[in-house]
Amino acid sequence: MTGALIWLIAGILLIIAELLSGDLFLLMVGVGALFGAGSAALTGNPFIDVAVFAVASVGMLVLVRPTLKRRFLAGPDIKTNTDALIGARAVVVSTVDGDTGQVKLAGDVWSARSMTDGEPIAPGTSVTVVEISGATAVVSAEL
């Protein structure tokens, strides 16, 4: 039981030390030490305990750490500028056809053109922004 206690204390200290480093390395090794503590409590064989610690630590470093780092460093997926307007609803201000027109989009009046050339879209119609091409909103009539 002494070996299990030593592994447990080492694991907890490594996890606490991770708070200072922030690189997720000590966290993975600390979790490996906790696996070693579990092995020591079950088997009591120090060679098996070290092997469990090594396999768990390397496995965590190779498989879990890269995934966590990618997840934490990626940041939120926030669309900005014209990307944020795609899919937004707008209201036609002046008739929109394949070449010209205007819509009220996000509180501003934008030049617009229809995605389909055949039918003009009447003023007051609610449309969806499909694309922003330069300073022109390409819109589609909602069904």
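Reader: What should I know before I start?

Author: Residues are numbered from 1 along each chain as its sequence is written, and side-chain values use heavy atoms, with hydrogens and water left out. In this predicted model, local features need pLDDT of at least 70 and side-chain atom pairs count only at pLDDT 80 or more, while totals for chains, interfaces and linings use all residues.

Reader: Where does helix 3 have a kink?

Author: A bend is the angle between axes fitted to the seven residues ending at a residue and the seven starting there. In helix 3 a kink of about 40° lies at Val64, shortly before the proline Pro66. After the helix comes Gly75, with a positive phi near 75°.

Reader: What is a salt bridge, and how many are there?

Author: The term means a side-chain nitrogen of Lys or Arg within 4 Å of a carboxyl oxygen of Asp or Glu. The count is two. Arg65 pairs with Asp23, their closest N and O atoms being 2.8 Å apart. This pair links helix 3 to the loop between helix 1 and helix 2, 42 residues apart. Lys69 also forms a salt bridge with Asp23, at 3.1 Å between the closest N and O atoms. Through shared partners, Asp23, Arg65 and Lys69 form one network.

Reader: Is Arg65 buried or exposed?

Author: Buried means under 20% relative accessible area, exposed over 50%, and partly exposed in between (1.4 Å probe, protein chains only). Arg65, at 18%, is buried. Asp23, at 35%, counts as partly exposed, and so does Lys69, at 27%.

Reader: What is a nonpolar core, and which residues touch the most other members of the largest one?

Author: In soluble globular proteins, nonpolar side chains tend to be buried together. A core here is a set of buried Ala, Val, Leu, Ile, Met, Phe, Trp, Tyr and Cys residues joined through side-chain atoms within 4.5 Å. The largest has 14 residues, and Val96, Val103, Leu105, Trp110, Val127, Ala137 and Val139 touch the most other members. Strand 4 (126–133) is one of the strands that each supply at least two residues; its share, three residues, is the largest.

Conventions
Helices (H or I, at least four residues) and strands (E, at least two) are DSSP runs, numbered from the N terminus.
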